[in-house]
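Subject: Structure for your review

Dear colleague,

Please find below the structure that I am handing over to you.

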Amino acid sequence: QVKVIEPVSASLSGATAICPGVSTPLTVNFTGNGPFTFTYKVNNGSPITVGGVGNPYTFNVSPTTTSTYTLLTVSVG
């Protein structure tokens, strides 16, 4: 028996400008069938991995300085 796993991709969206200290949501939208695991980083910080999430996945951020959020990897499982 062969199981074909469809390719998965993701995009990160949210406000392009966030005032320092203000909480705002960012959303990861996935293609394919989950649950999903993804890794992102803030500026040049350590990668952060979040697993077992559905589509879409929303989380809140509260940057205190100018920050860039980068989606690094996405996988199924």
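Does T39 count as buried or exposed, and why? The model is a predicted one, and in it T39 has a relative accessibility of 11%. Because the cut-off for a buried residue is under 20%, T39 counts as buried.

With neighbours within four places in sequence set aside, the residues in contact with T39 are P47, I48, T49, T70, L71, L72 and T73.

As to the chain as a whole, there are 6 strands and 0 helices, so that the order of elements from the N terminus reads β-β-β-β-β-β. The C-alpha trace spans about 55 × 20 × 15 Å along its principal axes. Of the 77 residues in the chain, 21% are buried. Among contacts with a separation of 6 or more, 60% are between residues 24 or more positions apart.

The largest nonpolar core has 11 residues in all: L26, V28, F30, F36, F38, Y40, V50, V53, F59, V61 and Y69. Strand 2, strand 3, strand 4 (48-53) and strand 5 (57-61) are the elements that each give two or more residues to this core. In soluble globular proteins, nonpolar side chains tend to be buried together. One member of the core, V61, touches I18, V22, S23, T24, L26 and Y69, when residues up to four places away in sequence are not counted.

I also draw your attention to the largest pocket, whose volume is about 240 Å³. It is lined by 14 residues, and those closest to its centre are A15, T16, I18, S67 and Y69. Strand 1 (residues 9-14) provides the largest share of the lining, with 3 residues. Sorted by class, the lining holds 7 nonpolar and 7 polar residues, and no charged ones.

Finally, C19 is placed in the loop between strand 1 and strand 2 (24-31). With a relative accessible area of 53%, C19 is exposed, because the cut-off for that class is over 50%. C19 and T65 are 46 residues apart in sequence, and their C-alpha atoms are 8.6 Å apart in space.

Yours sincerely

Methods:
Residues numbered from 1 in each chain as written. Predicted model: local features only at pLDDT ≥ 70, side-chain atom pairs only at ≥ 80, totals over all residues. Heavy atoms only, no water. Buried < 20%, exposed > 50% of the residue type's maximum accessible area, 1.4 Å probe, protein only. Contact = heavy atoms within 4.5 Å. 1 Å grid on protein atoms, 1.4 Å probe; cavity = no way out; pocket = protein on both sides within 12 Å on 5 of 7 lines; lining within 4 Å. Points joined across faces, edges and corners; volume = space filled by probe spheres on them. Helix = DSSP H or I, 4+ residues; strand = E, 2+ residues; numbered from the N terminus. Nonpolar A, V, L, I, M, F, W, Y, C, P; charged D, E, K, R; others polar. Core = buried A, V, L, I, M, F, W, Y, C linked by side-chain atoms within 4.5 Å.
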